[in-house]
Amino acid sequence: MRDELMREALCWQMESKVNADFAYKAKTAFELDCYCPNKNCLVKVHPKKRINTYFYAPERHVAGCPNEARSTEPSLYPGESHPRPVEETPKPVPNFLGPGPAIRKKTVEPTREELLQLAVTVSTLPAYYPGTLEEVIDAWIQLTPGERALQPLTIGNQHLTYETAFTFLGTASDEISLLNPRERIIFGASTVREADYSFLIESRKRFLHDAKKLPLLLVSNKKKVLPDYIPTLVGQLATLFWHGAIPGLTDKKNAFRFDLDASSPYAGVALRSGELAPWAGAGAANAPV
Ligand SMILES: [Zn+2]
């Protein structure tokens, strides 16, 4: 029995464990077939949201299943009729940057043997919880340096942690080609300036080119400001995060630059107010003393 909400389940279409928030969000497009991951149980469960998101089992877990909730006394709709403690649990930390693998539509329900096999295969893997670049950065900020070293974060095929997935410009090489923005999230102090038709974001870090040190420059057109909160950071000390795009030398050879004309929730740039460093996240700085 458990006192907490059931937050993870097996997912047939994803062939992995999924988090309740992910399954609930996916529901608007496509209902995933989810099951209790306990090998003796494997009952079908559905994501549900009251204050928190969780999985509930209309047909009940087998007796003794560790995922059986205390409040599932005789009732066909335990989630409906037995309110649970309504404390809000913290948002789970995304463990995957990106939309995740495509959901494979399966027309046939799995057999018990197939489910058992899946339960065994994924038993030691974390529940799959994808996040956007902004969500991953928010999670990074909230984590302490020690937690970052322990929290997994997969980018592409790279199984990293919140520590290794982030590259700090403050201690990076002056050789820009050594950065790996396709497999890492790069971050460091930046300024945001406003020009006539655009916002200019310039890194404090300088990179070497022909014996000169050049900043990284990002230009966001005012007609389509990306990200849309850039204007609120003008004139402030800010931290720039970027992932995916490779900056190139400008024609005038006075900066490395990439344009922010394309928008993807999983790549591009994000900014946060203040100067953030690997050894102290905003979470630590904002903690009550
Ligand atoms: Zn169960």
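Over the face of which ring does Lys205 lie? I looked this up and found Phe207, with Lys205 at 5.8 Å from the ring centre. A charge counts as over a ring if NZ of Lys or CZ of Arg is within 6 Å of the ring centre and within 35 degrees of the ring normal. I also noted Lys222, whose charged end sits over the ring of Phe199, 5.3 Å from its centre.

On the source: this is a predicted model, in which local features need pLDDT of at least 70, side-chain atom pairs count only at pLDDT 80 or more, and totals for chains, interfaces and linings use all residues. Residues are numbered from 1 along each chain as its sequence is written, and side-chain values use heavy atoms, with hydrogens and water left out.

Aromatic pairs. I took rings of Phe, Tyr and Trp (its six-membered ring) as paired if their centres lie within 6.5 Å; planes under 30 degrees apart are stacked, over 60 edge-to-face, the rest tilted. The count by this rule is 13 aromatic pairs. I looked at Trp140 and Phe187: the centres are 4.8 Å apart and the planes at 65°, so this pair is edge-to-face. Trp140 belongs to helix α4 (residues 133-142) and Phe187 to strand β11, 47 residues apart. Helices (H or I, at least four residues) and strands (E, at least two) are DSSP runs, numbered from the N terminus. Trp140 is buried at a relative accessible area of 2%, and Phe187 is buried at 1%. Buried means under 20% relative accessible area, exposed over 50%, and partly exposed in between (1.4 Å probe, protein chains only).

Next I checked Trp242 and Phe258, whose ring centres are 5.8 Å apart with planes at 45°, so the pair is tilted. Trp242 is in strand β14 and Phe258 in strand β16, so the pair ties together parts 16 residues apart in sequence. Trp242 is buried at 0% relative accessibility; Phe258 is buried at 7%.

Core. I defined a nonpolar core as buried Ala, Val, Leu, Ile, Met, Phe, Trp, Tyr and Cys residues joined through side-chain atoms within 4.5 Å. The largest one has 22 residues, and Leu179, Leu216, Leu240, Trp242 and Leu271 touch the most other members. Strands that each supply at least two residues include β11 (185-194), β14 (237-243) and β16 (256-259).

Helix α3 (residues 112-122). I listed its buried residues as Leu115, Leu118, Ala119 and Val122. Seen down the axis, they fall within an arc of 100°, so they line one face of α3. The arc is that of the directions from the helix axis to the C-beta atoms.
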